[in-house]
Amino acid sequence: MKRFLFKIIYFFGDKLNECFSFDSIRRMETIKKKFKRIGENCTFKKDCFFLGENFISIGNSFHAGNLLRIEAVEKRGNQTFSPSIEIGDSVSIEDFCHIGCIEKINIGSGTMIASRVYISDHSHGNISSEDLKIPPAQRPLFSKPVYIGKNVWIGEGSCILPGVTLGDNVIVGANAVVTHSFPNNCVIAGVPAQIIKKL
């Protein structure tokens with residue numbers, strides 16, 4: 001009797017696995033058609049959100065965690081943009097991250113991004129007395145490209161702001177607010193982020 005039950009469990013378990021694999025393959029094929037480019041061996045959780053997929057290129061072996069949000073914004077109000085998001089090979093982005101682009105964001109190969117990280121190449125207006133007269137939601141968007149090098153490790157809860165370039169092998173400490181650029185091979189942390197160690 002036990003042997004018979006195990007055979008039934010194995011049979012249905014195998015069939016369920018085939019169904020899920022088929023669904024995941026079909027879903028991946030649907031995703032690939034929307035994007036500018038998606039490489040091989042990529043994994044996406046079902047609750048990821050993408051906007052402007054035709055402006056997003058993703059390399060091979062990409063991993064997206066739960067509730068990842070990537071937005072390439074082409075139009076807002078009377079402003080139009082030409083956004084470009086390029087993600088290299090073997091990039092891993094964990095849960096609850098948000099990447100927003102109206103100009104350019106490059107993420108180099110081998111980069112790992114922990115949960116709850118925010119990366120943006122734009123903000124609502126400039127920091128000026130003129131902008132203070134306009135409510136934030138009505139201010140024109142202001143942008144500067146963001147470049148993240150290869151093999152960068154971005155810690156949990158960090159913010160990478162417009163105009164930042166991070167060199168290769170940079171390590172960003174948890175909850176850092178990165179407001180300016182840093183060279184290769186350093187550890188940065190703090191608010192605003194500063195170099196705490198050179199590698």
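**One leucine and its surroundings**

Modeller: Let's start at L51, which is in contact with I56, I70, E71, A72 and V73 once its neighbours within four places in sequence are set aside; contact here means heavy atoms within 4.5 Å. Before going on, bear in mind that this is a predicted model, where local features need pLDDT of at least 70 and side-chain atom pairs count only at pLDDT 80 or more, while totals for chains, interfaces and linings use all residues. Residues are numbered from 1 along each chain as its sequence is written, and side-chain values use heavy atoms, with hydrogens and water left out.

So where does L51 sit? You'll find L51 in strand β3, residues 49-51. Strands (E, at least two residues) and helices (H or I, at least four) are DSSP runs numbered from the N terminus. A72 is 21 residues away from L51 along the chain, yet the C-alpha atoms of the two are separated by 5.8 Å. L51 counts as partly exposed because its relative accessibility is 37%. On that scale, buried means under 20% relative accessible area and exposed means over 50%, with partly exposed in between (1.4 Å probe, protein chains only).

Now follow one of the residues that L51 touches, E71. The side chain of E71 meets that of R69 in a salt bridge, at 3.3 Å from N to O. A salt bridge here is a side-chain nitrogen of Lys or Arg within 4 Å of a carboxyl oxygen of Asp or Glu. The two partners can be described separately: E71 counts as buried, because its relative accessibility is 14%, and R69 counts as partly exposed at 37%.

That pair is one of three salt bridges in the structure. Another joins E86 and K104, whose closest N and O atoms are 3.5 Å apart. E86 lies in strand β9 (residues 85-87) and K104 in the loop between β11 (98-101) and β12 (105-107), so this pair ties together parts that are 18 residues apart in sequence. E86 is partly exposed at 32% relative accessibility, and K104 is partly exposed too, with a relative accessible area of 22%.

R116 and E156 also meet through their side chains in a salt bridge, at 3.5 Å from N to O. This pair links distant parts of the chain: R116 is in the loop between β13 and β14 (118-120), E156 is in the loop between β18 and β19, and they are 40 residues apart. R116 counts as partly exposed at 49% relative accessibility, and E156 is partly exposed with 36%.

R116 leads us to another residue, S158. Leaving out residues up to four places away in sequence, S158 touches R116, V117, Y118, V172, G173, A174, N175 and A176. S158 is in the loop between β18 (153-154) and β19 (159-160). Buried or exposed? S158 counts as buried, because its relative accessibility is 0%. Its side chain reaches the backbone oxygen of G155 at 2.8 Å, and also the backbone oxygen of G173 at 3.0 Å.

A few backbone details are worth a look as well. Most residues other than glycine have a negative phi, and most peptide bonds are trans. N41, though not a glycine, has a positive phi of about 55°. N41 sits in the loop between β1 (37-38) and β2 (43-44), and N41 is exposed, with a relative accessible area of 65%. N151 likewise has a positive phi of about 55° without being a glycine, and N151 belongs to the loop between β17 (146-148) and β18. Then there's the cis peptide bond joining V191 and P192, with omega about -5°; P192 is in the loop between β23 (186-189) and β24 (194-198).

Stepping back, the whole protein has one helix and 24 strands. Buried residues make up 40% of its 199 residues. Of the contacts with a separation of 6 or more, 29% are between residues 24 or more positions apart.

Definitions and conventions: Polar contact = N/O pair within 3.5 Å; in protein donor to acceptor, adjacent residues only side chain to side chain.
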